[in-house]
Amino acid sequence: MEPLRGDETTVGETTVVARGCRLDDAPVRAVLETDARPRFFWAAGTESIAARGSAATVTADGQSRFDDVRTAVEALFADCSVPDDLPSVARPRAFGGFAFHNGTHEGEDSPWDGFPSAAFFLPEIQVTRRDDDAWLTTVATGPEAATEAETLLEEWRDRLVADSERNPGTPPGISHRKRTPTQDGWREQVAAATESIDRGELQKVVLAQSLSATLDAELSVPDVMARLSKTYPDCYRFMLSPDSGGTFFGATPERLVSVRGRTVRTEALAGSTGRGDTPAEDEWLAAELLDSEKDRHEQKLVADAIRDQLKPFASTVRIGDRTVRRLATVQHLRTSITAELDDDEHVLSLVEALHPTPAVGGLPPDAALRTIRETEAFDRGWYAAPIGWVDAAGNGTFAVGIRSAVATEREATLFAGAGIVADSDPDREWDEVQLKYRPILDELE
Ligand SMILES: C=C(O[C@@H]1C=C(C(=O)O)C=C[C@H]1O)C(=O)O
């Protein structure tokens with residue numbers, strides 16, 4: 001056994017121990033390229049993280065799931081001994097997410113089998129890259145935790161050095177696809193929603209569709225992640241494989257919330273149009289979107305609701321100017337929203353307050369959620385729900401899990417939705433949903 005270092009003087013009571021070291025490179029693929037479960041990948045801006053194996057797992061269900069996860073994760077971090085000299089980027093984080101709806105309704109053969117209503121894990125192996133820095137962090141639990149964390153560190157430091165660049169592969173191809181609902185079914189659903197809006201029961205509801213694809217070849221989600229880093233570099237790219245079941249992955253443009261100290265950042269993203277074939281056409285479409293009363297209304301509902309949802313936490317909430325967020329296949333209206341918290345708050349408290357924003361739920365929230373449950377013939381599972389990370393200080397970032405799919409080796413189920421307001425046209429909304437499938441569909445067909 002290696003001699004204990006200074007920070008291990010409390011090892012008798014400590015149940016969770018982290019160790020870390022710098023790496024020359026961060027071969028995140030090598031961490032994901034195994035059958036190990038759970039697995040998690042996250043890339044945002046100049047930071048990417050790959051994690052595998054669980055030192056501790058937290059799951060929760062029902063109305064109190066956000067609170068339960070927060071309490072359990074806080075307790076876990078409170079017990080965790082981390083070397084003082086480990087920089088914040090390399091400190092252990094808990095990774096995970098939530099289902100869209102409270103309470104499970106996994107049916108027979110659901111692609112969401114294995115995905116609890118909330119699941120987080122503190123990984124055994126965490127590899128983080130930020131700008132040119134790379135770090136390996138290991139975590140172990142139990143009476144021999146310190147020794148085990150150090151053994152893992154040595155083993156993985158050697159394993160990761162040996163990793164080399166990989167070819168990110170090609171899409172597997174699709175042999176069969178099934179859409180839920182059909183276009184006729186969608187027309188009926190949108191008509192029913194706009195009638196509810198006309199009757200004053202609703203202001204907005206985001207209705208989603210699912211697309212199940214049978215694949216021609218085995219899907220490698222780490223390969224998809226590598227390819228998406230080229231096509232959607234400005235999006236949150238994520239993948240999570242829980243203890244069992246499929247893998248949830250996507251490239252989402254939408255941040256639900258990030259908390260760093262007392263600074264909160266979020267955004268209102270809603271209202272969509274396509275991309276043009278030429279720069280001039282792109283500009284024309286963007287100008288039309290900025291000018292569209294229907295889209296501006298749809299987006300303002302989201303911005304106002306987020307401001308109200310943040311009010312209990314922050315006396316001043318700043319809403320930026322409305323801009324166009326241009327992605328490879330679609331353009332959206334967007335305003336950035338920032339706030340300074342009145343008190344220290346855990347990121348999961350903000351996640352609970354904000355999910356679902358009317359960008360993926362609707363208004364009023366309860367009526368919209370009821371309409372979604374009654375209308376959609378599939379389980380949203382983790383689609384359009386919070387996915388991300390938290391650290392020991394209660395900081396963290398969560399994205400909204402859209403532009404996403406859940407997949408096994410030969411089957412993928414994609415999800416995409418559109419905000420329905422009073423003057424929504426069903427066929428235009430249908431086309432918009434098809435555009436929102438593109439980021440993932442392009443990686444499969
Ligand atoms: C619901 C989705 O996207 C959301 C809905 C949008 C809209 O209705 O215009 C735009 C961006 C997202 O907030 C999705 O991609 O599935």
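Predicted model: local features only at pLDDT ≥ 70, side-chain atom pairs only at ≥ 80, totals over all residues.
Student: How far from an oxygen atom of the ligand does a polar side-chain atom of Tyr 383 lie?
Tutor: A polar contact is a pair of N or O atoms within 3.5 Å. Glu 254 places a polar side-chain atom 2.7 Å from a ligand oxygen, and Gly 271 places a backbone N or O atom 2.9 Å from one. For the polar side-chain atom of Tyr 383, the distance to an oxygen atom of the ligand is 2.6 Å.

Student: What share of the area exposed by the ligand alone does the protein bury?
Tutor: The space taken by the ligand is the largest cavity. Taken alone, the ligand exposes 400 Å², and the share buried by the protein is 100%.

Student: Which strand supplies the largest share of the lining of the second largest pocket?
Tutor: This pocket contains about 520 Å³ of space and is lined by 26 residues, with Arg 93, Arg 130, Arg 260, Trp 389 and Thr 397 nearest its centre. Strands S2 (39-44), S12 (255-260), S13, S18 (386-391) and S19 (396-400) each supply at least two lining residues. The largest share, four residues, comes from S12.

Student: How many residues in the lining of the second largest pocket are charged?
Tutor: Arg counts as charged, and Arg 93, Arg 130 and Arg 260 are among the lining residues nearest the centre. The lining also has twelve nonpolar and six polar residues. The number of charged residues is eight.

Methods: Residues numbered from 1 in each chain as written. Heavy atoms only, no water. Polar contact = N/O pair within 3.5 Å; in protein donor to acceptor, adjacent residues only side chain to side chain. Areas by Shrake-Rupley, 256 points an atom, 1.4 Å probe, with all protein chains shown as cover. 1 Å grid on protein atoms, 1.4 Å probe; cavity = no way out; pocket = protein on both sides within 12 Å on 5 of 7 lines; lining within 4 Å. Sits in = over half its atoms within 2 Å of the grid points. Points joined across faces, edges and corners; volume = space filled by probe spheres on them.
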